[in-house]
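Subject: Structure handover

Hello,

Here is the structure I promised to pass on. Please load it before reading further; my notes follow below.

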Amino acid sequence: MKKSVIILVALLISAVAYSQKVKEKDVPDAVKTAFKAAYPNAEDVKWEKEDANYEVEFELNDVDYSALFDANGTLLETEMEIETSQLPQQVIEYMKTHYTDKKIKEAAKITDAKGTVTYEVEIKGKDVMFDANGNFIKEIKD
């Protein structure tokens with residue numbers, strides 16, 4: 001299970017490096033339909049293409065989100081920005097212990113299509129990844 005989470009995170013991170021902004025008209029209808037069905041009240045929508053997938057960044061109820069869909073409109077993962085205080089306590093403690101000189105820029109809760117949750121903590125130059133229980137997974141340099 002841990003290996004699959006790590007592989008998924010690594011794939012998604014590497015996909016980000018190859019992302020390109022796209023206009024909504026260039027997004028397949030199946031993807032736009034799936035997105036609108038899942039998030040009918042989304043605002044400030046921006047699309048990117050990541051390899052064969054489509055990432056949409058949007059705002060919902062004053063919270064920043066992103067969702068990743070394959071070209072057929074299947075939702076692969078959702079990322080929701082959260083307050084640092086919403087991180088599991090174990091994540092907060094890990095960050096205090098291992099990154100004492102770093103300020104947290106952003107925190108996010110990532111849920112994949114199977115419901116597996118991971119947490120991402122962004123600090124200067126790095127993203128630090130944790131599993132749903134707050135256990136350290138890995139550090140990714142920006």
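The mean pLDDT of the protein chain is 89. pLDDT is the predictor's confidence in each residue, from 0 to 100. A value of 70 or more is reached by 87% of the residues. Where pLDDT is low, the predicted coordinates should not be read in detail.

Conventions: this is a predicted model, in which local features need pLDDT of at least 70, side-chain atom pairs count only at pLDDT 80 or more, and totals for chains, interfaces and linings use all residues. Residues are numbered from 1 along each chain as its sequence is written, and side-chain values use heavy atoms, with hydrogens and water left out.

Overall fold

The protein chain has three helices and nine strands. These are DSSP runs numbered from the N terminus: helices are H or I with at least four residues, strands are E with at least two. Along the sequence the pattern is α-β-α-β-β-β-β-α-β-β-β-β. Of the 142 residues, 40% count as buried. Buried means under 20% relative accessible area, exposed over 50%, and partly exposed in between (1.4 Å probe, protein chains only).

Cores

The largest nonpolar core has 15 residues. Such a core is a set of buried Ala, Val, Leu, Ile, Met, Phe, Trp, Tyr and Cys residues joined through side-chain atoms within 4.5 Å. Phe35, Tyr39, Trp47, Val56, Phe58 and Phe69 have the most contacts inside it. α2 (29-38), β3 (53-60) and β4 (63-69) each give it two or more residues. β3 supplies the largest share, four residues. A second, separate core has 14 residues, including Ile82, Val91, Met95 and Ile123.

Aromatic pairs

Rings of Phe, Tyr and Trp (its six-membered ring) pair if their centres lie within 6.5 Å; planes under 30 degrees apart count as stacked, over 60 as edge-to-face and the rest as tilted. The count comes to eleven aromatic pairs. Phe35 and Tyr39 make a tilted one, 5.8 Å centre to centre with 40° between the planes. Both residues are buried. Tyr94 and Phe136 are stacked, because their ring centres are 5.0 Å apart and their planes at 10°. Tyr94 sits in helix α3 (residues 89-98) and Phe136 in strand β9 (residues 136-141), so this pair ties together parts 42 residues apart in sequence. Phe136 counts as partly exposed, at 35% relative accessibility. Ring pairs also link Phe35, Tyr39, Trp47, Phe58, Tyr65 and Phe69 into a cluster.

Helix α3

Val91, Ile92, Tyr94 and Met95 are buried in α3. Seen down the axis, the buried residues fall within an arc of 160°, so they line one face of the helix. That arc is taken from the directions from the helix axis to the C-beta atoms. Their cover includes β7 (117-123), β8 (126-131) and β9. The face turned away from the buried side carries exposed Lys96 and Thr97.

Asp70

Where is Asp70? It is found in the loop between β4 and β5 (75-82). Asp70 counts as buried, at 18% relative accessibility. Leaving aside neighbours within four places in sequence, Asp70 is in contact with Val31, Asn53 and Leu76.

Best regards

Note on methods. Contact means heavy atoms within 4.5 Å.
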